[in-house]
Amino acid sequence: MTTQGHSKTRFAPSPTGYLHVGGLRTALYCYLFARKNKGKFALRIEDTDQERFVEGATENLIKILNYFGLTYEEGPILQNDKIVEQGDKGPYIQSKRTEIYKKYAEILLEEKHAYRCFCTKERLEEMRKKQEENKQAPMYDRKCLELPESEIREKLKAKESFVIRQKMPYESIKFKDLIRGNVQFDGKMIDDQILVKSDGFPTYHLANVVDDHLMEITHVIRGSGVCASLSTVKSGQNQTFKKTGTCGGRRIYIGRIHKRSNNKFCGILGMESRGRRRKRNLYIKRIGGNF
Ligand SMILES: [Zn+2]
């Protein structure tokens, strides 16, 4: 696949201590696409889920990409075992970009494309239970969408915990995938995703759209497993983000890796047979990793 003009891809893993074989393949595709089109390849670390963060995992990810020769022009690199950033669109580590996401969350709130949700965990559990009993799809019921401004102000004053949810547009959402062609979803089928968590950290749904725009990513290449849900959310956001000058980039969803038996391949490094594990450990030793 070729493309005209400037192109830029990104590989955006989470530093959770493991790299799935599928993740490595996505990185390879991003790298090859950028090289073929004489474009750029960037590495971005998506570490906004602090609960899943594993110490040393970012360093290991960089070492794995180095080991396989997947060089990149932008993103964190290792210099004397220390992480330093290269490129002019940084920082490329999401936990260093929280102020940027806050700004975009505010814009979405102001424009009524997002809303604060004060629902407690207990209420959400109760709601899901009822939906299950009624054989309905598990979705947020938009209780907080209709909260009057005065009530929101009171809750904020009382420092009640809240998340920010995207208001999915209830309309047909279309986008073009460079492999699958035109893809279309009904917005009503998609949940109002959480964009900012109660701890103030953004979720993937907000952070990756903002970053793809600001880092000028032209082609988003990723696994197809997330195609149905996430791309729709992104498309929904893109409608909003168009107004704020964000663009998103073109989409390329690649198929999953399958075993010969056609079962989904379980390729997380570290879940193999004993023999394979031994080989893996040897390889990890070579790159100086410890997971
Ligand atoms: Zn709510």
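Modeller: The axes of α3 (98-110) and helix α6 (residues 204-214) come within 10 Å and cross at roughly 100 degrees. The helix α3 is therefore roughly perpendicular to α6, a term that covers angles of 65 to 115 degrees, whereas angles under 35 count as roughly parallel, those over 145 as roughly antiparallel and the rest as oblique. Axes here are lines fitted to C-alpha atoms, for helices over the stretch in contact, and the angles run from 0 to 180 degrees between N-to-C directions. On the α3 side the contact is made by Ile-100, Tyr-101, Tyr-104 and Ala-105, and on the α6 side by Leu-206, Ala-207 and Val-210. Two residues are in contact if their C-beta atoms, placed from the backbone, lie within 7 Å. Helices (H or I, at least four residues) and strands (E, at least two) are DSSP runs numbered from the N terminus.

This is a predicted model, in which local features need pLDDT of at least 70 and side-chain atom pairs count only at pLDDT 80 or more, while totals for chains, interfaces and linings use all residues. Residues are numbered from 1 along each chain as its sequence is written.

Strands come next. An open sheet of 3 strands has the order β5-β6-β9 with antiparallel pairing. Its edge strands, each pairing on one side only, are β5 (114-117) and β9 (194-196), and the twist averages 45 degrees from one strand to the next. Strand β6 (residues 163-166) is joined to β9 by 2 bridges; two strands pair if DSSP finds at least two bridges between them. Arg-165 has Ile-194 in β9 as its bridge partner.

Pro-91 lies in the loop between β4 (82-86) and α3, and the peptide bond from Gly-90 to Pro-91 is cis, with omega near 0 degrees. In the loop between α3 and β5 is Lys-112, whose phi is near 65 degrees, a positive value in a residue other than glycine. Most residues other than glycine have a negative phi, and most peptide bonds are trans. Lys-112 is exposed, with 10 other C-beta atoms within 10 Å. Lys-159, in the loop between α5 (149-157) and β6, has a positive phi near 60 degrees and is exposed, with 7 other C-beta atoms within 10 Å.

As to confidence, pLDDT is the predictor's confidence in each residue, from 0 to 100. The protein chain averages a pLDDT of 80, and 75% of the residues score at least 70. Over residues 226-233 the pLDDT is below 50, and this stretch has 10 contacts in the model beyond near neighbours in sequence. Residues 262-273 also have a pLDDT below 50, with 22 contacts beyond near neighbours in sequence. Where pLDDT is low, the predicted coordinates should not be read in detail.

Note on methods: A residue is buried if 20 or more other C-beta atoms lie within 10 Å of its own, exposed if 12 or fewer, and partly exposed in between; C-beta atoms are placed from the backbone.
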